[in-house]
Amino acid sequence: MFALADPTPEPLQLSRFLIKAESTGLEVCLGLNKCDLVSPEAQIEWGDRLQRWGYQPQMLSTQQQKGLDDLQTQLKQKITVISGPSGVGKSSLINRLIPEADLRVGSVSGKLGRGRHTTRHVELFELPGGGLLADTPGFNQPDLDCAPVDLADCFPEARRRLEEATCQFGNCLHRDEPNCAVRGDWERYEHYLVLLEEAIARQTQLHQTTDQDSSMKLKTNQKGESYYEPRLESKKYRRQSRRTQHQNLDAMICDAEAEDD
Ligand SMILES: Nc1nc2c(ncn2[C@@H]2O[C@H](COP(=O)(O)OP(=O)(O)O)[C@@H](O)[C@H]2O)c(=O)[nH]1
Ligand SMILES: [Mg+2]
Ligand SMILES: [Zn+2]
């Protein structure tokens, strides 16, 4: 979910959220809220633009109850997780669809602002028409964990191009390789390149940290994907004491809380 205004959609951030959603392999549905704040022309413009990205965005206004019936039908009997930047109206939407949820709207972030049902964990609510809906903690930049070779698959425009033609090289990263089917004149190709650089940097860093840690071994599966496997003979991999396990768990919980909105 994004908003058409307040906050104004930022294209690269929108791409990040969409790529994160696509990388789960789940069906992605894009809602554009606060359409009451922009002109019909601006709505058409965003609608057309996102259609070129490969999406059919649903225009919504939780305030004016616009688009909610269609959305409700679409969510029926499904488990849906709603994500998007803070302030776009995620909690407002859930409150409209499930009044009992009684989520805090426009909540102040930080420990002091936390009240009942401030989104700080994922909670599933039952939809009146059947199905479940979850709010997610606010985050403005989702962590991408997509491998460089898988990134193009997260762009509907690139997928379409790959259905029509194939790249000369099977492991093409669609940058400057000859006879590439993906590189070309499409708006988000620029986003692809930015996110690809990040994915490559992330993979390099992952290899470095794990190579230093001799308890893990880099392996390659039949599809040519890299993965790590623990070296069982290593001392480091010996069973941890309960105490260490508890400490690790506490550290994880602290990290999770620190990341909360
Ligand atoms: N104009 C307008 N404001 C909205 C709409 N939906 C939510 N808001 C406002 O946007 C702010 C953030 O809403 P909230 O639901 O807390 O967003 P969240 O951070 O995504 O959960 C609140 O002040 C809401 O009243 C809408 O459809 N139109
Ligand atoms: Mg919220
Ligand atoms: Zn290519």
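This is a predicted model: local features need pLDDT of at least 70, side-chain atom pairs count only at pLDDT 80 or more; totals for chains, interfaces and linings use all residues.

Residues are numbered from 1 along each chain as its sequence is written, chains are lettered from A and ligands numbered from 1 in the order in which they are written, and side-chain values use heavy atoms, with hydrogens and water left out.

**Zinc site**

- The zinc ion (ligand 3) is held by Cys167 (SG), Cys172 (SG), His174 (ND1) and Cys180 (SG) at 2.1 to 2.4 Å, where donors are N, O and S atoms within 2.8 Å of the metal (3.2 Å for Na, K and Ca), and water is not among the atoms, so sites may look incomplete.
- Angles of 101 to 115° among the four donor atoms make the site of the zinc ion (ligand 3) tetrahedral, a label given to four donors if all angles lie between 85 and 135 degrees.
- For comparison, the ideal angle for four tetrahedral donors is 109.5 degrees.
- Along the chain, the donors of the zinc ion (ligand 3) follow the spacing C-x4-C-x1-H-x5-C.
- Both His174 and Cys180 are buried, a term for residues under 20% relative accessible area, with exposed meaning over 50% and partly exposed in between (1.4 Å probe, protein chains only).

**Loop between H5 and H6**

- His174 sits in the loop between helix H5 (156–164) and helix H6 (189–212), where helices (H or I, at least four residues) and strands (E, at least two) are DSSP runs numbered from the N terminus.
- The phi of His174 is near 60°, a positive value in a residue other than glycine, and His174 counts as buried because its relative accessible area is 6%.
- Asn171 is also placed in the loop between H5 and H6, but Asn171 is exposed because its relative accessible area is 58%.
- Asn171 and Gly224 are separated by 53 residues in sequence and by 9.1 Å in space, C-alpha to C-alpha.

- A polar side-chain atom of Thr62 is 2.6 Å from a nitrogen atom of ligand 1, and a backbone N or O atom of Val88 is 3.3 Å from an oxygen atom of ligand 1.
- Taken alone, ligand 1 exposes 590 Å², of which the protein buries 78% (Shrake-Rupley areas with a 1.4 Å probe).

- Lys34 lies in the loop between strand S2 (31–33) and helix H2 (40–53), and an N or O atom in the side chain of Lys34 is 2.9 Å from an oxygen atom of ligand 1.
- The phi of Lys34 is near 60°, a positive value in a residue other than glycine, and Lys34 counts as buried because its relative accessibility is 17%.
- Ser61, in the loop between strand S3 (58–59) and helix H3 (68–75), counts as buried because its relative accessibility is 0%.
- The peptide bond from Asp6 to Pro7 is cis, with omega near 5°, and Pro7 is found in the loop between strand S1 (2–3) and helix H1 (11–23).
- Most residues other than glycine have a negative phi, and most peptide bonds are trans.

Technical notes. Four donors count as tetrahedral if all angles lie between 85 and 135 degrees; four count as square planar and six as octahedral if opposite donors are over 155 degrees apart and all others between 65 and 115; anything else is irregular. A polar contact is a pair of N or O atoms within 3.5 Å; within protein, one must be able to donate a hydrogen and the other to accept it, and residues adjacent in sequence count only if both atoms are side-chain atoms.
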